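Here is a short note for a colleague who is new to this structure. Please keep the view open while going through the points.

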Amino acid sequence: MILATATLLGLSLRVAACAGDHLHTHHAREYLERREYPQVPLTPPYRPLVWGDLNVIHTTDTHGWLLGHQKLSWAEPYYSGDLGDFSSFVTHMKQIAIDKDVDLLLIDSGDLHDGTGLSDGYPPGGVDAYESNKFLERLPYDLMTIGNHELYVYADTYDMYTNFAPHLAGRYLTSNVNITVFNSAGEPESVPVGSRYAKFTTRKGRRITSLGVIFNFTQNDVNTTVQTVENMVKEQWFIEAIAEEPDVFVLIGHMPVSNDSWPTVFNAVRAVHPLTPILIFGGHTHIRDCQQYDGRSMALESGRYMETIGADLNAAKDNHDDITFTRRYLDQNRVTYQYHTQTSNQTFDTGDGRSITYGLEALAARFNLSYLYGTAHQDYTLNQNPYPSNGSLLSLFIEDAAPYALAINNTRGSNPNIIIINSSALRFDLFNGTFTRNDQFAIMQYKDTFLYIANVPSGIANQVLSAMNKPTATKRKRDETEILSREINDTPDSTLLEEMNDRPGVGGQEAASSNWTFGYVTKDSCPDTDHADDTLHTALPHYKVPHYISSIPPNVAADIPIDVVFLDHLGKKIIGILNSLQKDKNYTMHDVSLYSPTLSSDVLGLYAQAMWN
């Protein structure tokens, strides 16, 4: 058994149908020129990839970012490649693999839904990511798996089952995820969304056994089922699937490679095959991460939002020795792609790559994603500025935008109130420049309602936030039921990020020298950690934020009644805290009412229209 080297690149994507030549519009040509000739210089990688016998390009947690990052604030330009660019990159890499006479796999670890207007901006009656996912079907993925964002809404899961999974021809893996559908007899039946496992042989004759596993997720919609990882490895089909020894196990899943259930799967395989090389590709926590569970395995996680392409390289001999692995996290842009494929603007783009780009631009136009709400005059970030501060997006949202938007057409708007949200409801930064419909989706795409409890004494209401942020109150597992708005662990955890990255203190956000630029500086747990990133950067500042934030409390006496306003999924938690803070009234869900017709996803757009024009 020989496994010399595996290259992995990380980035989850989905594809829409071919647009056709008629989409070669003036707007599309302008967009291509902006990408081909960046408005800011980008530092290229500082050394080539190391190719081996088995090479893997890995993608994960793309969340609809198929047009890449289009803002100029650092470090966004480093993630400015789009799905068309990625398609061209993969095509060139596949040809390089043939020229080198080695294997190259393309793998994805899930979460294609919920993140930008391309996936979420569909008209009424549509299905999330139905259109954007058509584009991913055009990429030559060898293996893909399901993420939690494919499971919150049954219609999304059913679309994956009926439309997306068939394109993978048995390689869309859902080892512990089922969907209930009607069988040929008209009876409900629980069946895998995709395939439990896959066995195949590579171009070079290497035998692969693969599984696709999601973490112990409990917020899936009705008529979908997620089996625990611990129970999955006891199933007879699992035992039979891993019984025959392949040349390598390639395990993919929407599950962090650190601090989760991968060891359960790994140990089950190791108990049967103590020496077989095992490659693991995870996701979900939106970070660059790498672990080795023993000397003949490696587990890689490749970031989020089309920011990172993770490259994992390994070498193995047909003996008992440890395998020497290397991996690389690639910034997702054309400079990176052209460097590693030794191409130029004139030779890089493939016909299919350009067609995908044109198609995505056409989809963005059809969904009206460039609709302008206003123009921001500075960056507002989630973690690059302290909270509270003038540069904090959390401060802007909860202190300015939400109070303004929720007062519109609201008969209770003049009543004193305090507004409480979970900080993770906001999923991305708001950058200097145009604030469009697509930006609104990227920052807060969920259509959560605002509820309220009336006439809570101010002295009690003002204690709710601190009680919610107590360590005993905020400590929770990823799958606890207190957060139902599909945000669980989907923004990078600050503790995890601080473990994975060197983070300087407060600093400017524009590169002061051509010799260094802001971006990811990764410190993972695999060997040679100082050389994991493909491009050298100075890390952006990163500040912790509380789990819950509130508007500025009204300046009234403690006995004055005020409204406690909150996102709908926080109701039970807030009621429990109110009852723990006082005994004069027993609050129940009967005390909760709709506060405003304004949805959380509309708040920033309404504010921008009023204040940024």
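1. Contact means heavy atoms within 4.5 Å. Start with Val556 on that basis. Leaving aside neighbours within four places in sequence, Val556 is in contact with Ser458 and Ile562. The model is a predicted one.

2. Where does Val556 lie? Val556 is in the loop between β22 (548-550) and β23 (561-567). Ser458 is 98 residues away from Val556 along the chain, yet their C-alpha atoms are separated by 7.2 Å. Is Val556 buried, partly exposed or exposed? The relative accessible area of Val556 is 31%, so Val556 is partly exposed.

3. Turn next to a helix pair. Helix α2 covers residues 83-100, and helix α9 covers residues 334-341. The two pack at an angle of about 10°. Their axes are 10 Å apart. That angle makes α2 roughly parallel to α9. The crossing of α2 past α9 is left-handed.

4. Which residues make this contact? From α2 come Asp85, Phe86, Phe89, His92, Met93 and Ile96. From α9 come Arg334, Tyr337, His340 and Thr341. By type, the contact residues of α2 with α9 are five nonpolar, three polar and two charged.

5. Stay with α9. How many of its eight residues are buried? Six are, and α9 is thus mostly covered. The buried residues are Arg334, Thr336, Tyr337, Gln338, His340 and Thr341.

6. Check both ends of α9. At its start, a side-chain oxygen of Asn333 comes within 3.0 Å of the backbone nitrogen of Val335. Just after α9, Gln342 has a positive phi of about 55°.

7. Now look at helix α8 (residues 262-272). Its buried residues include Trp262, Val265 and Phe266. Ala268, Val269 and Arg270 in α8 are buried as well. What do the buried residues of α8 pack against? Among the strands are β8 (207-214), β10 (248-254), β11 (278-282) and β13 (297-302). The helices α6 (229-232) and α7 (236-241) are also partners of the buried residues of α8.

8. Some backbone values deserve a look. Most residues other than glycine have a negative phi, and most peptide bonds are trans. The next points give departures from these two patterns.

9. Phi of Asn259 is positive, at about 60°, although Asn259 is not a glycine. Asn259 sits in the loop between β10 and α8. Asn259 has 68% relative accessibility, so Asn259 counts as exposed.

10. Ala169 also has a positive phi, near 50°. Find Ala169 in the loop between α5 (154-164) and β4 (172-173). Is Ala169 buried or exposed? At 67% relative accessibility, Ala169 is exposed.

11. Ala75 belongs to the loop between β1 (54-59) and α2.

12. Tyr387 and Pro388 are joined by a cis peptide bond too, with omega of about -5°. Pro388 is placed in the loop between β16 (372-376) and α11 (393-407).

Conventions: Residues numbered from 1 in each chain as written. Predicted model: local features only at pLDDT ≥ 70, side-chain atom pairs only at ≥ 80, totals over all residues. Heavy atoms only, no water. Axes fitted to C-alpha atoms, helices over the stretch in contact; angles between N-to-C directions. Helix = DSSP H or I, 4+ residues; strand = E, 2+ residues; numbered from the N terminus. Parallel < 35°, antiparallel > 145°, perpendicular 65-115°, else oblique. Left-handed = near helix turned anticlockwise from the far one by under 90°. Nonpolar A, V, L, I, M, F, W, Y, C, P; charged D, E, K, R; others polar. Buried < 20%, exposed > 50% of the residue type's maximum accessible area, 1.4 Å probe, protein only. Polar contact = N/O pair within 3.5 Å; in protein donor to acceptor, adjacent residues only side chain to side chain.
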